[in-house]
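Biologist: I am new to this one. Can you take me through it, piece by piece?

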Amino acid sequence: MQIKEIPVEGYEKVVEAKDEESGLHGFIAVHNTTLGPALGGMRMWPYSDREAALNDVLRLSKGMTYKSAVAHTGLGGGKSVIIGDPSMKSEALFRAMGRFVDSLGGLYITAEDVNTTIADLENVRKETKYVTGLSRESGSSGNPSPYTAHGCLLGVMACLERVFGSNSFEGKKIGVLGVGAVGSVMAREMSKRGAKVFAHDMREEKVAVLVEEAGVEPASEDQLLTMDLDVFSPCALGGGLNEKTIPTLGAKIVAGSANNQLLVPEDGDRLRERGILYAPDYVINAGGIINVAVELLPGGYKEEVALEKIKRIPDALHEVFDLSDREGISTSKAADLLAEHILAEGRKQKG
Ligand code: NAD
């Protein structure tokens, strides 16, 4: 395998691997390890070219630094990407990726991400110990989604508290876009706690189950984006909050699990100008990474420790909202500012 370091300003280490035998071509970016080793998922994607993969790994690893900082996981930010279609997956490919991860000696710790599964990570594990999020049976932290959902639910409550002075779901109108692993748990739970939940998913059968079992009402994506809601909860893909959707958004709060909800940073300002409270995605959806990070603590994974840490997501959100009010900036900018402040403190402590 050929491993080549690529100097990138603002990043601690960026490396590219090519392995002819397994067909691996990928990157690992270690953005920042001030607060601990760089943890972040391993993504597989049919990138159009090398530059697109490199840009993605840089953007994602920086995002992980900020997310982990605000969530106080004691970790830094990193990410890895494999260029390729998931149909070319093989044991050899992920074992090669395992050797690539191992070559950094623990500076980067990997986990599941888009198009990679626990089965793939088990192949990675054959070559390196720097893997998290394997099965619970193997002593690892298992599926992060229920923890992400739990953290998001607490985050929505913090937003309700902020806007309505009470964190009760009773009588609230909530729209959930995307009812997969995270959104379905949230929709059920909010409905159980007295909210009127409307849901949409491109896979209709997922909504049908919730209609049947949890009294959820189906709605179109357009309806969710424009109807008079207390909370709009994006739990599908990113980019949904943009120049087109924000002017007609009917919700008072936007709080959901989807990553990269704002298409561009200015969308945070657009939401603020409209008086809509936005829970920055990487703050509210940190439950999964908080859960995974517990694996790396002395003594290993303990669910009760993870749940205790996830309880602090509302505090992080209130801190962000306070900062946004004080500085007169969007909540998304306030989250970045908070992350940068935590990193600066970390640097000071390290000397
Ligand atoms: P998932 O794939 O289980 O669910 C996503 C759901 O959204 C699916 O049911 C899918 O059919 C639906 N969907 C996708 N595109 C859609 C569209 N255009 N219109 C309508 N529905 C659409 O994923 P998940 O694990 O529930 O994650 C949801 C979001 O939360 C993602 O953005 C993910 O990156 C983010 N997130 C998840 C976790 C986690 O622990 N699972 C952690 C952090 C962030």
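Predicted model: local features only at pLDDT ≥ 70, side-chain atom pairs only at ≥ 80, totals over all residues.

Modeller: Residues are numbered from 1 along each chain as its sequence is written, and side-chain values use heavy atoms, with hydrogens and water left out.

Biologist: In what order do the strands of the open sheet lie?

Modeller: Strands (E, at least two residues) and helices (H or I, at least four) are DSSP runs, numbered from the N terminus. Two strands pair if DSSP finds at least two bridges between them. The open sheet has 6 strands with mixed pairing, and their order is S1-S2-S3-S5-S4-S6.

Biologist: Which strands stand at the edges?

Modeller: An edge strand here has a single partner, so one side of it is left without a neighbour in the sheet. That applies to strand S1 (2-5) and strand S6 (108-111).

Biologist: Which residue of S5 is the bridge partner of Val30?

Modeller: Strand S3 (residues 24-32) and strand S5 (residues 76-83) run antiparallel, joined by 6 bridges. In S5, the partner of Val30 is Gly78.

Biologist: At what angle do helix H4 and helix H11 pack?

Modeller: Axes are lines fitted to C-alpha atoms, for helices over the stretch in contact, and angles between N-to-C directions run from 0 to 180 degrees. Angles under 35 degrees count as roughly parallel, over 145 as roughly antiparallel, 65 to 115 as roughly perpendicular and the rest as oblique. H4 and H11 are therefore roughly parallel. For H4 (residues 145-164) and H11 (residues 303-310), the axes are 10 Å apart and the angle is about 30°.

Biologist: Which residues of H11 make the contact?

Modeller: Contact means heavy atoms within 4.5 Å. H4 brings Tyr147, His150, Gly151 and Leu154; H11 brings Glu303, Leu307 and Ile310.

Biologist: What is the relative accessible area of His72?

Modeller: His72 lies in the loop between helix H1 (50-71) and S5. Buried means under 20% relative accessible area, exposed over 50%, partly exposed in between (1.4 Å probe, protein chains only). His72 is partly exposed, at 48%.

Biologist: What is the phi of Asn260?

Modeller: Most residues other than glycine have a negative phi. Asn260 sits in the loop between strand S11 (251-254) and helix H8 (266-273). Asn260 is not a glycine, yet its phi is positive, at about 50°.
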